[in-house]
Amino acid sequence: MMGETVFQILIVLFQALLYAAALYTAGSLLIIRFLRLPSELEKPLKKSVFSRSLPVTLETTILLIFLKTGYLYDEGFFGMFNLDALSVVAFGPDGQAALVRVIGLTFIIGGAFIRTLPMVELAGVFLLVFSFSLTGHSTGEPRIFLTLLVTLHLLAIAYWVGALHPLLIAVSDPARLEEAAHLAERFGNQALFVVVGLLTIGMVYAATLLGDLSVLGSSPYGQVFLVKLALVSVLLVLAARNKTRIVPALKTGDAMAASSLARAIRLEAICFLAIFIVAASLSSILTLPAS
């Protein structure tokens, strides 16, 4: 029999995997469209999206429905397939979010075949990201405002996540350092707006959700939220170092700068994975502190 704690751990891990796969999918498509990637980088990125992250997003979405059913029914592994409990989850917020997510993925796949209608793909990206605002604490009041904040916040994160893979590919090829430098510089200029948006939206969301920020240090939810803020701070330090030191050195053809940028990108990816695990804990198993 699978205990409650086991289900909680599995839900957090697969929710984090869902964040990673979905935001990589959405962000990669946004990067392809708005960062003007050369075809040598666009092709492997699209291949990674349609052969890996998009299927993982779909599979994890379905699996989480069953895991949350098992957690709700509390009858171990077989509780995942209890029809009464499954219907409660499927027709609740989790099921609605899953449906919107699947529609978004369908639009993205359709957009790959209907190239004359680019808005189909963009609509799919929006629905994919928007689906996460339909569950968790963003379903509280003021509902519309929190939904908007979460969607914008995740779009910004997705764009950052989507840039990591093509940048890593470019900077890992010694023959393409100049191209990598220009690509990193363009993303760095765009990232200024992304970072400002992330910080502003994150602070407004926290203030709206928690009401009194003094509860951050006095509750499990607040303490885990502070861990997330610490990880975000590490990301911001890495981004600032990339923009002010590493990318200018890369533009001079410095091979050591290329190695430094590759390490920084990998560290950013690790930070994002840690943030997704923390975010999954906040949205799935931890309750908001009493205001």
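A: A crossing is left-handed if the near helix is turned anticlockwise from the far one by less than a right angle, and right-handed if clockwise; helices here are DSSP runs (H or I, at least four residues), numbered from the N terminus. In this structure, α4 passes α5 in a left-handed crossing. The model is predicted, with local features needing pLDDT of at least 70 and side-chain atom pairs pLDDT 80 or more, while totals for chains, interfaces and linings use all residues. Residues are numbered from 1 along each chain as its sequence is written, and side-chain values use heavy atoms, without hydrogens or water.

Q: At what angle do α4 and α5 pack, and how far apart are their axes?

A: Axes are lines fitted to C-alpha atoms over the stretch in contact, and angles run from 0 to 180 degrees between N-to-C directions. Helix α5 covers residues 118–130, and it packs with α4 at about 160°, the axes being 7 Å apart. That makes α4 roughly antiparallel to α5 (under 35 degrees is roughly parallel, over 145 roughly antiparallel, 65 to 115 roughly perpendicular, the rest oblique).

Q: How are α1 and α2 arranged, roughly parallel or roughly antiparallel?

A: The angle between α1 and α2 is about 150°, and their axes lie 8 Å apart. The two helices are therefore roughly antiparallel to each other. Their crossing is left-handed. The contact of α1 with α2 is made up of 18 nonpolar, 10 polar and 4 charged residues (Ala, Val, Leu, Ile, Met, Phe, Trp, Tyr, Cys and Pro are nonpolar; Asp, Glu, Lys and Arg charged; the others polar).

Q: Is the crossing of α2 and α3 left-handed or right-handed?

A: The crossing of α2 and α3 is right-handed. These helices pack at about 120°, with 9 Å between their axes. That angle makes α2 oblique to α3.

Q: How many cavities of 30 Å³ or more does the structure hold?

A: Rolling a probe the size of a water molecule over the atoms shows where empty space is left. On a 1 Å grid, a cavity is where a 1.4 Å probe fits but cannot get out; a pocket is open, with protein on both sides within 12 Å along at least five of seven lines; lining residues have an atom within 4 Å of a point. The structure holds 1 cavity of 30 Å³ or more, and the largest cavity contains about 90 Å³ of space (a volume is the space filled by probe spheres on the points). Its lining includes Gln15, Thr61, Asp94, Arg101 and Thr135. Helix α2 gives the most, 4 residues, while α1, α2 and α4 each supply at least two. By class, the cavity lining has 4 nonpolar, 3 polar and 3 charged residues.

Q: What volume does the largest pocket have?

A: The largest pocket has a volume of about 1100 Å³. It is lined by 48 residues, with Tyr19, Tyr205, Lys228, Ala279 and Ser283 nearest its centre. Among the helices that each supply at least two lining residues are α1 (4–34), α6 (143–171) and α9 (255–284). The largest share, 9 residues, comes from α7. The pocket lining divides into 35 nonpolar, 10 polar and 3 charged residues.

Q: Is tryptophan 160 buried or exposed?

A: Tryptophan 160 sits in helix α6. At 4% relative accessibility, tryptophan 160 counts as buried (under 20% relative accessible area; exposed is over 50%, partly exposed in between, with a 1.4 Å probe and protein chains only). Isoleucine 275 is 115 residues away along the chain, and the C-alpha atoms of tryptophan 160 and isoleucine 275 are 13 Å apart.
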